[in-house]
Amino acid sequence: MAEKKNKFIGDGKYVDDGGEELQKMWEIWKWKEISNCPGRYISKSQDAVFTQVSVILEKIDAQNLKIHECSPKLRDKCLVCIFPTGGGIITYIKEPNNKESEKRLVHTLNTQSGLQRKLEGLGLDYLLQQ
């Protein structure tokens, strides 16, 4: 049987818990799993910290995806982009503080199950139905 195309492989822990866009995201930067958050990853790459979500979507050739702006339960503004083949990005926008002069973007890569858990915890799971 031929291997299914366009699936998420990532680090091998959550194979098939996402699709093509998620795998392309995985290949852009180095990702580290967030402690006690199965299926959720963060990149500390300096390039990632200053890369806008729209630029990321261009890099992975993801078109016509809606970026939801929300922050009902969060201190920081966040952007949520859900991939049609599973998984997505949650980006937290950290405003400048005494040590930093620019906004920082903290991108989290989320498998489908990780994204669902996180959005449920934030009261944003309705975004999965849109």
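## Helix H4 and its cover

The buried residues of helix H4 are covered by S2, strand S4 (77-82), S5 and S6, among others. Cover here is counted by contact, meaning heavy atoms within 4.5 Å. This is a predicted model: local features need pLDDT of at least 70, side-chain atom pairs count only at pLDDT 80 or more, and totals for chains, interfaces and linings use all residues. Residues are numbered from 1 along each chain as its sequence is written, and side-chain values use heavy atoms, without hydrogens and water.

Which residues of H4 (residues 112-121) are buried? They are Gly 114, Leu 115 and Leu 119. These residues cover an arc of only 125° around the axis, so they sit on the same side of H4. The arc is taken from the directions that lead from the helix axis to the C-beta atoms. Buried means under 20% relative accessible area, exposed means over 50%, and partly exposed lies in between (1.4 Å probe, protein chains only). Helices (H or I, at least four residues) and strands (E, at least two) are DSSP runs, numbered from the N terminus. After H4 comes Gly 123, with a positive phi near 70°.

## The sheet

Six strands form an open sheet. Their order is S1-S2-S6-S5-S4-S3, and the pairing is antiparallel. Strand S1 (32-33) and strand S3 (67-70) are the edge strands, each pairing on one side only. Two strands pair if DSSP finds at least two bridges between them.

Strand S6 (residues 104-110) is mostly covered, with six of its seven residues buried. S6 pairs with strand S2 (residues 40-42) over three bridges, in the antiparallel sense. There, Tyr 41 has Leu 109 of S6 as its bridge partner. Strand S5 (residues 88-94) joins S6 through seven bridges, and these two also run antiparallel. Ile 93 stands opposite Leu 105 in S6. Gly 88 is partnered by Asn 110 in S6.

S3 and S4 run antiparallel and are joined by four bridges. His 68 has Val 80 in S4 as its bridge partner. Which residues make up the covered face of S3, and which the uncovered one? His 68 and Cys 70 form the covered face, while Ile 67 and Glu 69 form the uncovered one. In a regular strand, side chains alternate between the two faces of the sheet.

## Two residues compared

Tyr 92 lies in strand S5. Tyr 92 counts as buried because its relative accessibility is 12%. Not counting residues up to four places away in sequence, Tyr 92 touches several residues, including Arg 40, Leu 74, Lys 118 and Leu 122.

Cys 37 lies in the loop between S1 and S2. With a relative accessible area of 23%, Cys 37 is partly exposed. Cys 37 and Ile 67 are 30 residues apart in sequence, and their C-alpha atoms are 23 Å apart in space.

## The largest pocket

The largest pocket has a volume of about 180 Å³. Its lining includes Val 49, Phe 50, Ile 67, Leu 79, Ile 93 and Leu 105. The lining divides into seven nonpolar, two polar and two charged residues. Ala, Val, Leu, Ile, Met, Phe, Trp, Tyr, Cys and Pro count as nonpolar, Asp, Glu, Lys and Arg as charged, and the others, Gly among them, as polar.

A pocket is found on a 1 Å grid over the protein atoms alone, as an open set of points where a 1.4 Å probe fits, with protein on both sides within 12 Å along at least five of seven lines; lining residues have an atom within 4 Å of a point. The volume is the space filled by probe spheres set on the points.
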